Amino acid sequence: MGLVRMVRPWHERLIVWGSDINELAPEVDEAMATQVARQLVGDPELEIDLISANTWTVNTACTTKMQAGRVFIKGDAAHWHPPSNGMSSNTSIQDSFNLAWTLAAVVKGQAEAGLLDSYTAERAPVAKQIVTRANQSIGEFGPIFDALGMTGGTDIDQIKAGMAARIDATPEAAAQRAALRDAIVFKKYEFDAHSVEMNQRDKSGAVVTDGQMEPAFELDAELHYQPTTWPGARLPHVWVIDHDSGAQVSTLVDAINSRRPAWASENTVLGPFHITGTPEYEMGTNIFFDHKGEDMVVRGRVLDVDGTPLEGVKIDVWQAIDDRFYDVQPKGIQPDFNLRGVFRTGADGSYWFKAVRPRFYPIPADGPVGQLLKDLGCHPYRRAHLHYIVTKDGYDEVMTHIFDPDDLYIDSDAVFGVKKSLIAEFVKVEDPKRIADVGFSGPNYWDIEFDFVLAPKS
Ligand SMILES: Cc1cc2nc3c(=O)[nH]c(=O)nc-3n(C[C@H](O)[C@H](O)[C@H](O)COP(=O)(O)OP(=O)(O)OC[C@H]3O[C@@H](n4cnc5c(N)ncnc54)[C@H](O)[C@@H]3O)c2cc1C
């Protein structure tokens, strides 16, 4: 039994052929390599050009130091492990990327030489992690070999008999087949374990947190990617693909173009239902012109990053009605500008208005997007939210949502727009005095307090 892997289509291959580990390592010359290749391909006449040959064994080695003075190592020079989990190229590229930007920053005088220490601090733990994982994975072939009766030794007849026994009509063979099925299911773990890499978090002097605790992993960290914007983690993003050109843009482009201090309000998707010309109202106006749904007051302040209230900030809000459509969807069914309004903050930076509690709604799913969602096994629902565009001269525009925390689609917004910092608190008010003060007449209303923090334009 051997392994043939393609190096270049279609004429350059790598062949792996086992040898008895208890014997001396074999001498691999052209004659032996040709004989192995002929046997594996099944062509006794096959001619080969041998590029190189060497003996190889599974390695478990990684460096603890990626740098000595002006010399750096990376990739296969720094971590030796079996190919299980397929982490070799990726890790080599990640090493290169990490080293490239740190070196460039130091060479260009943008950073002190100390930045180079972050290379070992960040990459040596990754080297250890992947070497450990790849070796664990190769060890996890054990139950398959056991189930096939390959319990060591090189006696070909015994190996063949062990494998053949599984097709017998005996209780032992049935048990062997069950063990083989279990072993294959167990091995599936390796093929699903992409989060070995996705969840890597850099920790070094180059990574500055704002004091937030590192988020703990809630599920198996090798199987389940846990997106987080905690510094040092892979920045989460989704791909947005232009329908006509097929061009791909990552939401990282937005995250990178809208970089703000951690405590400034975050952006999320605009959505297709914003319109211009929405009337500006007095503070406290009810922008809901229909008569169904649950009353709601939204209030808060707009501050700068130092906590100073900002006056004259334009707040443009819009949302879907309780039965899940926007006023323009299509126009004419609801009153014009239903659930839309523009407000301007007062001297204390505050704003408030009345509306109706939003609910989840489906995005239009009768075209290619619907088909795509169906093919992916995804639903079309957006988690309940209100839209905001918050603007003031000299500050970064915030185009965002605030989300209902108790929504049915809490973890599966169809457009991946939810960010933790944008989840508001919806508090039910039943105090008759407060209900009367805000001008409602029902038995209760929902109170949402949400502040926005604007970062200065960079
Ligand atoms: C057949 C095969 C299949 C593979 N399949 C996968 C896979 O599916 N997934 C995966 O993740 N990985 C796979 N790998 C592993 C992956 O290819 C390597 O992990 C990766 O290429 C290592 O990159 P590297 O830059 O660290 O080293 P290399 O790609 O080995 O690059 C090192 C370079 O340095 C050059 N060099 C060496 N000595 C000197 C010198 N003294 N002076 C100047 N240059 C020198 C070499 O010529 C070479 O170009 C596979 C490898 C092989 C051989």
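1. Helix H2 (residues 88-107) and helix H3 (residues 117-139) have axes that come within 10 Å and cross at roughly 175°. H2 is therefore roughly antiparallel to H3 (the term covers angles over 145 degrees). Axes here are lines fitted to C-alpha atoms, for helices over the stretch in contact, with angles running from 0 to 180 degrees between N-to-C directions. Helices and strands are DSSP runs, H or I of at least four residues and E of at least two, numbered from the N terminus.

2. A word on the basis: this is a predicted model, where local features need pLDDT of at least 70, side-chain atom pairs count only at pLDDT 80 or more, and totals for chains, interfaces and linings use all residues. Residue numbers start from 1 along each chain as its sequence is written.

3. Which residues bring the two helices together? On the H2 side they are Thr91, Asp95, Asn98, Leu99 and Thr102, meeting Ser118, Tyr119, Glu122, Arg123, Val126 and Ile130 of H3. Contact means C-beta atoms, placed from the backbone, within 7 Å. By type, the residues of this contact are 4 nonpolar, 4 polar and 3 charged.

4. Do have a look at Lys392, in the loop between strand S15 (385-391) and strand S16 (398-403). Lys392 is buried because 20 other C-beta atoms lie within 10 Å (buried requires 20 or more). Leaving out residues up to four places away in sequence, Lys392 touches Leu310, Gly312, Val313, Lys314 and Leu454.

5. Helix H9 (residues 368-375) lies largely in the open, because 0 of its 8 residues are buried. After H9 comes Gly377, with a positive phi near 70°.

Definitions and conventions. A residue is buried if 20 or more other C-beta atoms lie within 10 Å of its own, exposed if 12 or fewer, and partly exposed in between; C-beta atoms are placed from the backbone. Angles under 35 degrees count as roughly parallel, over 145 as roughly antiparallel, 65 to 115 as roughly perpendicular and the rest as oblique. Ala, Val, Leu, Ile, Met, Phe, Trp, Tyr, Cys and Pro count as nonpolar, Asp, Glu, Lys and Arg as charged, and the others, Gly among them, as polar.
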